[in-house]
Amino acid sequence: MKATLDEILATVKSNGLTCQQKAMILANIAERLFDPRELLGYTDEEWHYIENQMICDLNEGYAIYRPRYILPDFNVYLEKGCQFLDLPVPQTLDEVLDGLLIIYSHVPSITTFPVYIGRLDLLLDRFITDEEQDYIKIKRFLNHIDKTIPDSFCHANIGPFDTKAGRLILRAVIELENPTPNMTIRYDKTKTSREFAELAAKACLLVSKPSFANDHYYIEDLGEQYGVASCYNALPECGGAYTLTRLRLGTIGRACQSVAEMVDELLPKVAKLALSTMDKRHKFLVEESNFFATDFLAKEGFIQRENFTSMIAIVGLADATNHLLKQEGLNETFGQSERGDQIATMIMDKLQEIVNDHQGLYVERTGGRYLLHAQVGASMHEEDKANNPAHRVRVGQEPTLLAHLKQSAPFHKYFPSGTGDLFAFDQTYVDHLDAVVDIIDGAFALDYRYITTYLKNTDLIRVTGYLVKKSEVERFRKGEAVLRDTTWYGSGTDECASVFDRQLRDEKDVNA
């Protein structure tokens, strides 16, 4: 939405923000002072559906000067160094860790912080010479990231292969218990050793990371050179995403009296308008902002403009479905309703058709098409309380674990740029790591793309696609300034969707 001068003053006067956070918010407000109808050429109709909250641009701004998500190919640094930063090709672990930290500080994103810091185990493994000494260095490196990139959308990848560096990284994240960096293991049971998978599962339970990505599935859609960034956004490496625009399906659904009205009339209309606004954002960013012509990341080959795409996302599939079930006189809820699954499938089939029929602008890497994404949710407007994250079942309406896996799996196929489901386990699962990996293998056999687990009784938990400390959320709710901006988002998402109270999966599920 457009910003106001009142927002500037409220930000300046806030006693719940750090100086760094105020600077980030003020920069975003500046981008939103422009009217997109004048600057970007939005139509009045497009703006109407943003103002009525059916289309949400996530307050990205309109004077766009960098892509939303950038996924550099950090191998360029290992092979060529970095001329702009006067960094030679690294020869030792100390040099590569120091150089990466320097480069990270120059990688922009929508949050001002880097959202992707590479396939860390593959970047570091060739430099491992003394595991105990190198562990200390890697642990310090990861802790430095947490304190200087206080944004849990910062994301590292490991896997699929078992490496010395990968094991040291997992050991460090367990000991540190830090929210940042977020982490994903690219998992493939034909490539990933069982021992390494169980170590990753242990870390996932204890500190909510790494999540497991179905590496084979993502390679089919995006090729080998992809990365998981931000929450769980699968995007081309050496590229990224220009923008992310989401459709609030719950809001759209509530304006309809029948499935046919939503699927055949309102949804196609709103989706096409959203896609049109994305074209206009791309045009401004590529043709007028000069980012790709001037930034060293593009000049030195860390990124290539042709590897960028964009995400058209959804929230509120459960809410749209639940409303339409009521319209049909059914006292049922998405997640435990055969008719609900049918309605949700019709919605997603139609949306997929519309997206695939749209010829996007400057998205050669993905065949001229934007990618559907299951967005994790936000707390930007009252409407977000009526739009559950992604295609997830509302908290309190979840079926049993096996039924839940079977219900949600068919929806993963729609989202090549990322989706995921989360399951809160009890302490007994730590003694059943083999069973946890079996559950993940079973989910991937059902064509899950992404799955994560965590222990419900820990301080560090996964909100949706990112991590927060519950203790930090409590301080924020008391009006205190906190280190990480994702703490605000986690607090708001919990208020909207009760994500801290997901159904607990106990040891009976292991033996089911």
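Which residues in α16 are buried? In this predicted model, local features require pLDDT of at least 70 and side-chain atom pairs count only at pLDDT 80 or more, whereas totals for chains, interfaces and linings use all residues. Residues are numbered from 1 along each chain as its sequence is written, and side-chain values use heavy atoms, with hydrogens and water left out.

Helix α16 (residues 317–327) is mostly covered, with 9 of its 11 residues buried, where buried means under 20% relative accessible area, exposed means over 50%, and partly exposed lies in between (1.4 Å probe, protein chains only). The buried residues in α16 are Leu317, Ala318, Asp319, Ala320, Thr321, Asn322, His323, Leu324 and Leu325. Helices (H or I, at least four residues) and strands (E, at least two) are DSSP runs, numbered from the N terminus. The buried residues of α16 pack against α12 (249–254), α13, β10 and α17, contact being defined by heavy atoms within 4.5 Å. After α16 comes Gly329, with a positive phi near 80°.

Two of these partners, α13 and α17, also meet each other. Two packed helices are described by the angle between their axes and the distance between the axes. For helix α13 (residues 259–287) and helix α17 (residues 338–357), the axes come within 10 Å and cross at roughly 35°; axes are lines fitted to C-alpha atoms, for helices over the stretch in contact, and angles run from 0 to 180 degrees between N-to-C directions. The crossing of α13 past α17 is right-handed, a term used if the near helix is turned clockwise from the far one by less than a right angle, and left-handed if anticlockwise. On the α13 side, the contact involves Val259, Met262, Val263, Asp264, Leu267, Pro268, Ala271, Lys272 and Leu275, while α17 contributes Arg339, Ile343, Met346, Ile347, Lys350, Leu351, Ile354 and Val355. By class, this contact of α13 with α17 has 13 nonpolar, no polar and 4 charged residues, with Ala, Val, Leu, Ile, Met, Phe, Trp, Tyr, Cys and Pro counted as nonpolar, Asp, Glu, Lys and Arg as charged, and the others, Gly among them, as polar.

In soluble globular proteins, nonpolar side chains tend to be buried together. Here the largest nonpolar core has 156 residues, and those with the most contacts inside it are Leu142, Leu247, Leu249 and Ile347; such a core is a set of buried Ala, Val, Leu, Ile, Met, Phe, Trp, Tyr and Cys residues joined through side-chain atoms within 4.5 Å. Helix α13 gives the most to this core, with 13 residues. When residues up to four places away in sequence are not counted, Leu142 touches Leu120, Ile169, Ala172, Val173, Leu176, Thr180 and Pro181.

Rings of Phe, Tyr and Trp (its six-membered ring) pair if their centres lie within 6.5 Å, and planes under 30 degrees apart count as stacked, over 60 as edge-to-face and the rest as tilted. By this rule the count comes to 19 aromatic pairs. Phe292 and Phe308 form an edge-to-face pair, at 5.1 Å centre to centre and with 75° between the planes. Because Phe292 lies in helix α14 (residues 291–294) and Phe308 in strand β10 (residues 308–315), the pair ties together parts that are 16 residues apart in sequence. Phe292 and Phe308 are both buried. The pair of Tyr414 and Phe415 is likewise edge-to-face, because the ring centres are 6.4 Å apart and the planes stand at 70°; Tyr414 and Phe415 are also both buried. One aromatic cluster is formed by Phe74, Tyr104, Tyr116 and Phe141.

Most residues other than glycine have a negative phi, and most peptide bonds are trans. The peptide bond from Gly159 to Pro160 is cis, with omega near 5°, and Pro160 lies in the loop between β4 (155–158) and α9 (164–176). A cis peptide bond with omega near 5° also runs from Lys209 to Pro210, in which Pro210 is placed in the loop between α10 (194–207) and β6 (211–214). Ser230 has a positive phi, near 55°, in the loop between β7 (226–229) and β8 (233–236), and is buried because its relative accessible area is 1%. Tyr362 has a positive phi near 60° and is found in the loop between α17 and β11 (371–374); with a relative accessible area of 23%, Tyr362 is partly exposed.
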